[in-house]
Amino acid sequence: MTTKSNGNPPPAYRIFISSTYEDMKEFRSAAADALTNIQAIPMGMERFVAANQPVIDRCYEEIRQCQYFVSILGFRYGSLYKDTNLSYSELEFDEAERLGIPILTFIREGTIDANRIDMDDFSRRNRWLIV
């Protein structure tokens, strides 16, 4: 990172990483490592501590503090938030879009193994279909 004329380094970018979790751990970790290597601050649910607020509110709070949003899409739609019947990943994406935060989307490469996929995930919202 370059320094400003006053000798202080510029503030690091905060970047929210969004994806389903169990099936995307290695990709989330790789994204966080890459962001750390460029001296950005990766944010996401792994960094949350126990709190007395709904998880989605905590996500929105973090997204509001970020300058970029990274969406990593795979083969699952993800856990549904009870009040909306939408996935947490979709709600996070929608919030970043609503706030006008630049969104970088990465799509997992590979062959879909029907034995490992909850096919209901593909029928929830056609906007999230990957073909």
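**Overall fold and burial**

Analyst: Of the 131 residues in the protein chain, 37% count as buried. The model is predicted.

User: Which elements make up the protein chain, and in what order do they run?

Analyst: There are 4 helices and 6 strands in the protein chain. Read from the N terminus, their order is β-α-β-α-β-β-β-α-β-α.

User: What share of the contacts in the protein chain with a separation of 6 or more comes from residues 24 or more positions apart?

Analyst: Such pairs account for 70% of the contacts in the protein chain with a separation of 6 or more.

User: Let us turn to empty space. What does rolling a probe over the atoms show?

Analyst: Rolling a probe the size of a water molecule over the atoms shows where empty space is left. In this model, the largest pocket holds about 280 Å³ of space. Strand 1 (14-18), helix 2 (55-64) and helix 3 (88-99) are the elements that give two or more residues to its lining.

User: How many residues line the largest pocket, and which lie nearest its centre?

Analyst: The lining of the largest pocket consists of 20 residues, and those nearest the centre are Ser19, Thr20, Tyr21, Met45 and Ser79. By class, the lining of the largest pocket comprises 8 nonpolar, 7 polar and 5 charged residues.

User: What is the volume of the second largest pocket, and which residues line it?

Analyst: The second largest pocket has a volume of about 160 Å³. Its lining is formed by Ile17, Phe27, Ala31, Ala34, Leu35, Val70, Ile72, Leu104 and Phe106. At least two lining residues come from each of helix 1 (25-37), strand 3 (68-73) and strand 6 (103-107). Helix 1 gives the largest share of the lining of the second largest pocket, with 4 residues.

User: How does the lining of the second largest pocket divide by class?

Analyst: The lining of the second largest pocket has 9 nonpolar residues, with no polar and no charged ones. For the largest pocket, by contrast, the lining includes 7 polar and 5 charged residues.

User: I would next like to read a single residue in its surroundings. Where is serine 18 found, and is serine 18 buried or exposed?

Analyst: Serine 18 belongs to strand 1. Its relative accessibility is 2%, and therefore serine 18 counts as buried, the cut-off for that class being under 20%.

User: Which side chain makes a polar contact with the side chain of serine 18?

Analyst: The partner is the side chain of glutamate 92, at 2.5 Å. Glutamate 92 is placed in helix 3. Because its relative accessible area is 7%, glutamate 92 is buried too.

User: What else do serine 18 and glutamate 92 touch, leaving aside residues up to four places away in sequence?

Analyst: Beyond that range, serine 18 touches Arg28, Phe69, Val70, Ser71, Ile72, Ser89 and Glu92. Glutamate 92, with its own neighbours within four places set aside, is in contact with Phe16, Ser18, Cys59, Ile63 and Phe69.

User: How far apart are glutamate 92 and serine 19 in sequence and in space?

Analyst: In sequence, glutamate 92 and serine 19 are 73 residues apart, while their C-alpha atoms are 9.2 Å apart in space.

User: Finally, consider charged pairs. How many salt bridges does a search of the whole structure find?

Analyst: The search finds 7 salt bridges. One of them joins arginine 58 and glutamate 61, with an N to O distance of 3.2 Å. Both residues lie in helix 2, 3 residues apart, which is about one turn of the helix.

User: Why does arginine 58 count as buried, and how does glutamate 61 count?

Analyst: Arginine 58 counts as buried because its relative accessibility is 16%. Glutamate 61, at 28%, counts as partly exposed.

User: Which residues are linked with arginine 58 in a network of salt bridges?

Analyst: The network of salt bridges links Arg14, Arg58, Glu61 and Glu62.

User: Which residue forms a salt bridge with glutamate 22, and which with lysine 82?

Analyst: Glutamate 22 pairs with lysine 25, their closest N and O atoms being 3.3 Å apart. Glutamate 22 is exposed at 60% relative accessibility, whereas lysine 25 is partly exposed at 39%. Lysine 82 forms a salt bridge with aspartate 83, the closest N and O atoms lying 3.6 Å apart. Lysine 82 counts as exposed at 71% relative accessibility, and aspartate 83 is exposed at 57%.

Technical notes:
Residues numbered from 1 in each chain as written. Predicted model: local features only at pLDDT ≥ 70, side-chain atom pairs only at ≥ 80, totals over all residues. Heavy atoms only, no water. 1 Å grid on protein atoms, 1.4 Å probe; cavity = no way out; pocket = protein on both sides within 12 Å on 5 of 7 lines; lining within 4 Å. Points joined across faces, edges and corners; volume = space filled by probe spheres on them. Nonpolar A, V, L, I, M, F, W, Y, C, P; charged D, E, K, R; others polar. Buried < 20%, exposed > 50% of the residue type's maximum accessible area, 1.4 Å probe, protein only. Polar contact = N/O pair within 3.5 Å; in protein donor to acceptor, adjacent residues only side chain to side chain. Contact = heavy atoms within 4.5 Å. Salt bridge = Lys/Arg side-chain N within 4 Å of Asp/Glu carboxyl O.
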